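Please consult the sequence and the model as you read.

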Amino acid sequence: RAIRDSGVPRKEVFVATKLSFDQSFGAGARLALEKQLKALGLDYVDLYMLHGLRTSVRETWALLEQARAEGLVRSLGVSNALPGDLDAMGAYAKVPPAVVQNKHSVYRPGSSLNYAGEDIVEGLR
């Protein structure tokens, strides 16, 4: 409602949201997206991210690619993905993630290592 009531044209507002692992992956991903769009009062989001690559990622990603093709999502991304997860996506993703969001430790500033000790930046090169 805030976007609608602001008077700012929708195309000038960037809206990002996530499908969390505690929500439905797999076939439920489409329903979760539709519920989010309804709650936000929007026809589309600019960025939709998979939070944590869990089971049914291949099926979920395909459903999100379809939602993108239908205009419900402009860009797709992932968060908290391990380098191996990203490598595996290369085998099945028709649309690669536009955004990879991973957390870094405040105890190791400047480090690109995740908690598993993997270099997340190296995996993206």
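Arg74 lies over the face of Tyr44, at 4.0 Å from the ring centre. Arg10 likewise lies over the face of Tyr44. A charge counts as sitting over a ring if NZ of Lys or CZ of Arg is within 6 Å of the ring centre and within 35 degrees of the ring normal.

| Residue over the ring | Ring | Distance from ring centre |
|---|---|---|
| Arg10 | Tyr44 | 4.1 Å |
| Arg74 | Tyr44 | 4.0 Å |

The model is predicted: local features need pLDDT of at least 70 and side-chain atom pairs count only at pLDDT 80 or more, while totals for chains, interfaces and linings use all residues. Residues are numbered from 1 along each chain as its sequence is written, and side-chain values use heavy atoms, with hydrogens and water left out.

The largest nonpolar core has 25 residues, of which Tyr48, Leu50, Trp61, Val73 and Val78 touch the most other members. Such a core is a set of buried Ala, Val, Leu, Ile, Met, Phe, Trp, Tyr and Cys residues joined through side-chain atoms within 4.5 Å. Beyond its neighbours within four places in sequence, Val73 is in contact (heavy atoms within 4.5 Å) with Leu33, Tyr44, Val45, Tyr48, Ala67 and Arg68.

Where is Ala81 found? Ala81 belongs to the loop between E3 and H4, where helices (H or I, at least four residues) and strands (E, at least two) are DSSP runs numbered from the N terminus. Ala81 is buried, with a relative accessible area of 3%; buried means under 20% relative accessible area, exposed over 50%, and partly exposed in between (1.4 Å probe, protein chains only). Leaving aside neighbours within four places in sequence, Ala81 is in contact with Leu53, Leu86 and Asn102.
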